Amino acid sequence: MQDRITLPDTLELKRGFYQLPEVLDKTFRILRAFSHLFLKSKIMRKRLSPRLRKFRRPWWNEACRDSRREEKKLWNIFRRYPTTENHIAFKRAKALARRIRRRSQRESWINFVSSLTSSTSSKQLWKKVKAANGIYREFSFPILNTGNVTHSDPLDIANTLGHAFAVSANDSYSPDFMAIKNRAERTHLRFTARRTIPYNSEFKMCELITALSKAHDTSPGPDGITYNMLRHLNTASLSNLLLLFNRIWTEQEYPSQWHEAIVIPILKPGKDSSNPLNYRPIALTSCLCKTLERMVNARLVFELEKQGCISPLQSGFRRGRSTFDNLVLLETQIRNAFVKRNHLVSVFFDIEKAYDRAWRYGILSTVFNFGFRGNLPIFLKNFLSYRTFRVRVGNFYSNHFIQAEGVPQGSVLSVTLFILHLSQILNHLPSSVRGSLYVDDLQISCQGSNMHLIERQLQNAVNKLIAWCDNNGHTISAEKSRCVHFCRKRNMHLDPNIRIRNSPIPVVNEIRFLGVIFDRKLTFLPHVLHLRKKCEKSLNILKVLSKTSWGADRTSLLRIYQAVILSRIDYGCMVYGSARPTVLRRLDTVHHSALRICSGAFRTSPVESLYVVTSYRFT
């Protein structure tokens, strides 16, 4: 891992050494050289094979392998020559191998536990626990149904999913919007800059190093290059890479290979696996491309925040913002309405396939209207144009499909461009209605003492939102949208009747918004009960680990409790923490049970003693 990879000198890209048409050819040569060096380096010695990889225990290492071989060797000697000396030697080798395996298990588990964070899910932890015991979930191909046809062949499944993704992105617009789209796209957007703008300058080495340091070890794209390899390039090779990026940036050429993506279908939670429309397409693009995207995205976000282009009510993927902003805003509005003895009606919208239906010309038009010119918007235009993808199912690849619209899910720039475009919807709300966005989770609310006036104001706001969506290719689902009437008045009053076109929005007593359940009286009892149920289920991980020889130490168990269970309780506590003490005390049983498992205490041990032993006091 300490070796540095050097690009061949023949691939050094000096300014002016090659003509403009040769830039793409040199790019492809560099990609091939990267792949060749990557496979021959010590970073990764795996052999590419069309077969599914053989699963091994994560704690198995060379010491375990050598001790196991020695045990087998002495067993064969004892079997041929069954003497007392050979039997004792075999017993010693067997005990030594068992001791080495247990030590390796313990060290591997401690290393894994030290990497746990609050974002680690119970599913990932269960997968690691089962892998430590040699239990793996075998990959199985889904069986798809389209009409009366059943698809079971892996290649047929990949092509069916690819066709579904392509149709979802290309043919999902209404005829009325297609007329608007065709008429608008006749106007060419001229991004040519007549003056020097700072964000169009060439990239510096510090920007490249920062982009590589912030990148996670994600799966590679079609070229097979990973971030791990890029981090092991020496200084000269990084300079060559920076020269290549600057030529693409300044000469406004975009490699055609970067338009291609490998799509991994991920089944949506709780959906039928036989329906191709229930899969979410996650695009794997080139890590080289994503590195340049991250450098461009840093400049784009800086300019957007400096100019105030994104609404302050959009909290998704912005520095210093999180879901807590939206949650606290909604809870504050509800509390203010209760203090004034008013009604507050909130509508939570579901935008169907928002990423897949994002209108690319609309995104570029928004960038154009904010005054961006030069290399940056031209790069964004090239990034969104002529995109193709192939679906991978196991080790089988589908045919190439064209993605005419939408932004690729899994790309660095996609989220920024999407929230920039969708945030414009908040500008069309009337002053009497307040709204907030977290990426595509849209919520509006209105309060007052007259229910009929609230209903008219919200209906007016909904009509304006629908008009904006009709002009930008989005669709709001009336079936999945919800309306909640927050009120503590005891007298009889009607719930609001708000419609999306001719379909009424269902009125419910509680809604799950960004992971927190809001009920109409704001008691947070449904959220606490749901949270306790999930945490009690996660306690099974601690119960399993407490009975093993490699994962039962107190430090590791407390770290797992903090990452998997306590992080769930902490999320949103600044909102639901205003509930009554009798409601919040329902979570104490989970906390105390976890501390007893982690410390190995008896069920009758006093709670205060648990706090002293584990240093975890629940307040």
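## Overall architecture

Helices (H or I, at least four residues) and strands (E, at least two) are taken as DSSP runs and numbered from the N terminus. The structure is a predicted model, in which local features need pLDDT of at least 70, side-chain atom pairs count only at pLDDT 80 or more, and totals for chains, interfaces and linings use all residues. Residues are numbered from 1 along each chain as its sequence is written, and side-chain values use heavy atoms, with hydrogens and water left out.

The protein has 21 helices and 16 strands. Of its 619 residues, 47% count as buried, that is, under 20% relative accessible area, where exposed is over 50% and partly exposed in between (1.4 Å probe, protein chains only). Among contacts (heavy atoms within 4.5 Å) with a separation of 6 or more, 74% join residues 24 or more positions apart.

## Asparagine 471

Asparagine 471 belongs to helix α15 (residues 451–472). Its relative accessibility is 39%, and the residue therefore counts as partly exposed.

When residues up to four places away in sequence are not counted, asparagine 471 touches Phe177, Ile180 and Trp359. Tryptophan 359 is 112 residues away along the chain, yet the C-alpha atoms of asparagine 471 and tryptophan 359 are separated by 9.9 Å.

Two packed helices are described by the angle between their axes and the distance between the axes. Axes are lines fitted to C-alpha atoms, for helices over the stretch in contact, and angles run from 0 to 180 degrees between N-to-C directions. Angles under 35 degrees count as roughly parallel, over 145 as roughly antiparallel, 65 to 115 as roughly perpendicular and the rest as oblique.

The axes of helix α12 (residues 360–369) and helix α13 (residues 375–384) cross at roughly 175° and come within 11 Å; the two helices are therefore roughly antiparallel. On the α12 side, Arg360, Ile363, Leu364 and Val367 meet Pro377, Leu380, Lys381 and Leu384 of α13. This contact comprises six nonpolar, no polar and two charged residues; Ala, Val, Leu, Ile, Met, Phe, Trp, Tyr, Cys and Pro count as nonpolar, Asp, Glu, Lys and Arg as charged, and the others, Gly among them, as polar. With helix α14 (residues 412–422), the axis of α13 comes within 12 Å and crosses at roughly 110°, so α13 is roughly perpendicular to α14. Here Phe379, Leu380, Phe383 and Leu384 of α13 are in contact with Leu413, Ser414 and Leu417 of α14, giving six nonpolar, one polar and no charged residues.

## Aromatic pairs and charges over rings

Rings of Phe, Tyr and Trp (its six-membered ring) pair if their centres lie within 6.5 Å; planes under 30 degrees apart count as stacked, over 60 as edge-to-face and the rest as tilted. The count by this rule is 18 aromatic pairs. Tyrosine 254 and tryptophan 258 have ring centres 5.7 Å apart and planes at 85°, so they form an edge-to-face pair; both residues are buried. Phenylalanine 389 and phenylalanine 401, with centres 5.8 Å apart and planes at 25°, are therefore stacked. Phenylalanine 389 lies in strand β6 (residues 387–393) and phenylalanine 401 in strand β8 (residues 401–403), so this pair ties together parts twelve residues apart in sequence. Both phenylalanine 389 and phenylalanine 401 are buried.

One aromatic cluster consists of Phe203, Phe245, Trp249, Tyr254, Trp258 and Phe379. A charge sits over a ring if NZ of Lys or CZ of Arg is within 6 Å of the ring centre and within 35 degrees of the ring normal. Arginine 373 lies over the face of phenylalanine 368, at 3.8 Å from the ring centre, and arginine 387 over that of phenylalanine 383, at 5.0 Å.
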